[in-house]
Amino acid sequence: MTNQYLSFAHRVAHDTYAIDTGFGRDGFDASYLLVADGNAAFIDTGTQYSIPRLLKTLDELEVPLANVSYVILTHVHLDHAGGAGLLILLEFFQGFVVSC
């Protein structure tokens, strides 16, 4: 995974990835993905338009969607939490915990 190309993300620490949400302009806003022992958590989601980028990153890292157990929202502004509702509506995310 060290040299793996990621379309919208880059590794910022061991198993921690910053995902460019595309909000405003490239590189302006990020969600974070934490991966440990095959489990994953998102910190912030970006807007609902960011969700395809989050899902693409999961796919590229070969993290199954079912392994996302937590969505941690830092605060309720649309550029940080706007996509959380869409994640809730996606049937493969049933059972994950959203915390703010």
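Let's start with strand β6, residues 97–99, which holds Val-97. Val-97 is partly exposed, at 40% relative accessible area. Together with Tyr-70 and Ile-72, Val-97 makes a nonpolar surface patch. The accessible area of the three comes to about 250 Å².

A word of caution here. This is a predicted model. Of the elements in the protein chain, β6 has the lowest mean pLDDT, 72. At the other end is β2, with the highest, 97. For the protein chain, the mean is 87, and 91% of residues reach 70 or more.

So, on to β2. β2 runs antiparallel to β1, and four bridges join them. The two strands form a hairpin, with two residues between them. In the turn sits Asp-15, with a positive phi of about 60°. The side chain of Asp-15 also meets that of Arg-11 in a salt bridge, 3.4 Å from N to O. Arg-11 is partly exposed, at 34% relative accessibility.

Next, Thr-16, in strand β2. Thr-16 stands opposite Ala-13. Is Thr-16 buried or exposed? Buried, because its relative accessible area is 17% and the cut-off is under 20%. Leaving out residues up to four places away in sequence, Thr-16 touches His-10, Arg-11, Leu-33 and Leu-34.

Now helix α1, residues 51–60. Its buried residues are Ile-51, Arg-53, Leu-54, Thr-57, Leu-58 and Glu-60.

How many does a search of the whole structure find? Four. Arg-53 pairs with Asp-20, with the closest N and O atoms 4.0 Å apart. Asp-20 is in strand β2 and Arg-53 in helix α1, so this pair ties together parts 33 residues apart in sequence. Both Asp-20 and Arg-53 are buried. A salt-bridge network links Asp-20, Asp-26 and Arg-53.

One more pair, within α1. Lys-56 forms a salt bridge with Glu-60, and the closest N and O atoms are 3.9 Å apart. Why about one helical turn between Lys-56 and Glu-60? Because they are four residues apart in helix α1.

Methods
Residues are numbered from 1 along each chain as its sequence is written. This is a predicted model: local features need pLDDT of at least 70, side-chain atom pairs count only at pLDDT 80 or more; totals for chains, interfaces and linings use all residues. Side-chain values use heavy atoms; hydrogens and water are left out. Buried means under 20% relative accessible area, exposed over 50%, partly exposed in between (1.4 Å probe, protein chains only). Two strands pair if DSSP finds at least two bridges between them. Patches are made of residues with over 30% relative accessible area and no salt bridge: like charges are joined within 9 Å, nonpolar side chains (Val, Leu, Ile, Met, Phe, Trp, Tyr) within 5 Å. Accessible areas come from the Shrake-Rupley method with a 1.4 Å probe; for residues, only the protein chains shown count as cover. Contact means heavy atoms within 4.5 Å. pLDDT is the predictor's confidence in each residue, from 0 to 100.
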